[in-house]
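Hi everyone, thanks for coming along. I have one structure to walk you through today, so let me put it up on the screen.

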Amino acid sequence: MKGLNLLCCCVASLLLLSTAEEVEDASEPTKRDRSHLENTLKLNEEKPADDVSGVLQRLRKIYHSSIKPLEHSYRYNELRQHEITAYPGRTLGSSATDGEITSKPMVLFLGPWSVGKSSMINYLLGLDNTPYQLYTGAEPTTSEFTVIMHGPKLKTIEGIVMAADSARSFSPLEKFGQNFLEKLIGIEVPHKLLERVTFVDTPGIIENRKQQERGYPFNDVCQWFIDRADLIFVVFDPTKLDVGLELEMLFRQLKGRESQIRIILNKADSLATQELMRVYGALFWSLAPLINVTEPPRVYVSSFWPHDYHPETHRDLFLKEEISLLEDLNQVIENRMENKIAFIRQHAIRVRIHALLVDRYLQTYKDKMTFFSDGELVFRDIVEDPDRYFIFKSILAKTNVSKFDLPNREAYKDFFGINPITSFKLLSQQCSYMGGCFLEKIEKAITRELPDLLGSIGLGKKPNVLSCDVTGCGETPKNRYRKP
């Protein structure tokens, strides 16, 4: 009897051990194949790096000689704080540093907490199970602005060091104070993708948290990164589709940047097909009042993490969506120089318009002033009702400025509250014998120098060789609409 009991105990122990091993095996999910990542992003191609140093040198020269003098003379940086309403769209800082001009394309990750932003970056860079993987979890985890950039070895850089390094493009962040710099961190990773792009992970939005609790101006910092981002991923979780005040403010800051926004519905394989369709519709319903454009941003539906998709889900659909997103990212990388030149040209147009408006305000002020006039009252009257003095209409009538590019009139009330009109010179007085006129130089940069620089990049690209199936190799093309 004792022998039988002993045998039963041994069998039970073996069964428990076998069950434990099965549970342990089941707890380790299968890793997803990464070959499509490497192929789409062309990470395995052994090709020489693009020779952009000459183009960047010419771009820097154009900026410093033709655009920057007018920026400083008419204090364009003082208007900058109102540019959310003045000039919707991507903007430079107070003035572009060499670091901003030469910086790589920036991809910004925004969204509520624990929606998978950090997991997505880990997946794209293969950082999982490495010492430098971004921390992830079900609770709010990321409390810092994390900049992931290229470096010769894995290294962490403190925010105060990033802000102190003028060679980097993050030195202007010092204006947000020491409390913010303690929440800024940089990670250098020797990854081929980071040779061509920089990722920025942001703290998740928590609707019941006030800005004051963060200790720094969270929305202002977000705006700084939004202004400089080439691609903006707004990530959502199927269980976190509620839109609160902080998310509304975020989309208000994104106004004018719809072409750079990509909406990502992450963790899609956790839902059944019917439920996923309902969530997709609910997401559009929630975002419709916030994105008031004719063509909404592209929405990608997939699960961006290294583990395999859940069984009985639309694996092929999720994989195609992921490849489409990677192609989108690769397109931004491939067009980085064209986008950089076009961006600097757009910035130059705004600086020129600002200078023309300040010149017009000053000329009107001089015309209205008499010996007995109170200068402060005269100019206050002009600022309060610029249409009465045809300030903006005269710019449209006498220059080739589009009415859609004119800034908000209200922005200039605050601008002249900080900068007295008497502290400026007329454009006609901004000339020198050796340096020429500021206005002529910036107009030359807008109309000739920057377009020529953009064209030189296009000439360097080899056109695609079409096959005989497409061109007919000299044969008379057939009318494929005529019936035989």
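Predicted model: local features only at pLDDT ≥ 70, side-chain atom pairs only at ≥ 80, totals over all residues.

The protein chain has 20 helices and 10 strands. Of its 484 residues, 44% count as buried. What about contacts along the sequence? If we take contacts between residues at least 6 apart in sequence, 79% of them join residues at least 24 apart.

Now to the cores. How many residues does the largest nonpolar core have? The number is 48, and the residues with the most contacts inside it are Tyr361, Phe379, Ile382, Tyr412, Phe416, Ile421 and Phe424. Several helices supply at least two residues each, including α3 (53-73), α4 (76-80) and α17 (391-398), as well as α15 (336-368), α16 (375-384), α18 (409-418) and α19 (438-459). The largest share comes from α15, with 13 residues. Another core lies apart from this one: it has 47 residues, with Leu110, Phe170, Phe236 and Val279 among them. As a bit of background, nonpolar side chains tend to be buried together in soluble globular proteins.

Let's stay with α15 and look at its partners. Which residues of α15 and α16 meet? On the α15 side we have Tyr361, Thr364, Tyr365 and Lys368, and on the α16 side Gly375, Val378, Phe379, Ile382 and Val383. By class, the residues of this contact are 6 nonpolar, 2 polar and 1 charged. The two axes come within 10 Å and cross at roughly 130°, so α15 is oblique to α16. Their crossing is right-handed.

Next, α18. Here the axes of α15 and α18 come within 13 Å, crossing at roughly 70°, which means that α15 is roughly perpendicular to α18. This crossing, too, is right-handed. From α15, the contact takes in His354, Leu357, Val358 and Tyr361, while α18 brings Tyr412, Phe415 and Phe416. The class count for this contact is 6 nonpolar, 1 polar and no charged residues.

Two residues around here deserve a moment of their own. Phenylalanine 379, setting aside its neighbours within four places in sequence, is in contact with Tyr361, Tyr365, Phe416 and Ile421. Then there is threonine 364, which lies in helix α15. Is threonine 364 buried or exposed? Its relative accessibility is 5%, so threonine 364 counts as buried. Not counting residues up to four places away in sequence, threonine 364 touches Ile382, Tyr389 and Ile391.

For contrast, have a look at glycine 455, found in helix α19. Glycine 455 has a relative accessibility of 33%, so this residue counts as partly exposed.

One last stop: helix α11, residues 218-228. Why is α11 largely enclosed by the rest of the structure? Because 10 of its 11 residues are buried. Among those buried residues are Phe218, Val221, Cys222, Trp224, Phe225 and Ile226, and also Asn219, Gln223, Asp227 and Arg228.

That's my tour, and I'm happy to go back to any part of it.

Key. Residues numbered from 1 in each chain as written. Heavy atoms only, no water. Core = buried A, V, L, I, M, F, W, Y, C linked by side-chain atoms within 4.5 Å. Buried < 20%, exposed > 50% of the residue type's maximum accessible area, 1.4 Å probe, protein only. Helix = DSSP H or I, 4+ residues; strand = E, 2+ residues; numbered from the N terminus. Contact = heavy atoms within 4.5 Å. Axes fitted to C-alpha atoms, helices over the stretch in contact; angles between N-to-C directions. Parallel < 35°, antiparallel > 145°, perpendicular 65-115°, else oblique. Left-handed = near helix turned anticlockwise from the far one by under 90°. Nonpolar A, V, L, I, M, F, W, Y, C, P; charged D, E, K, R; others polar.
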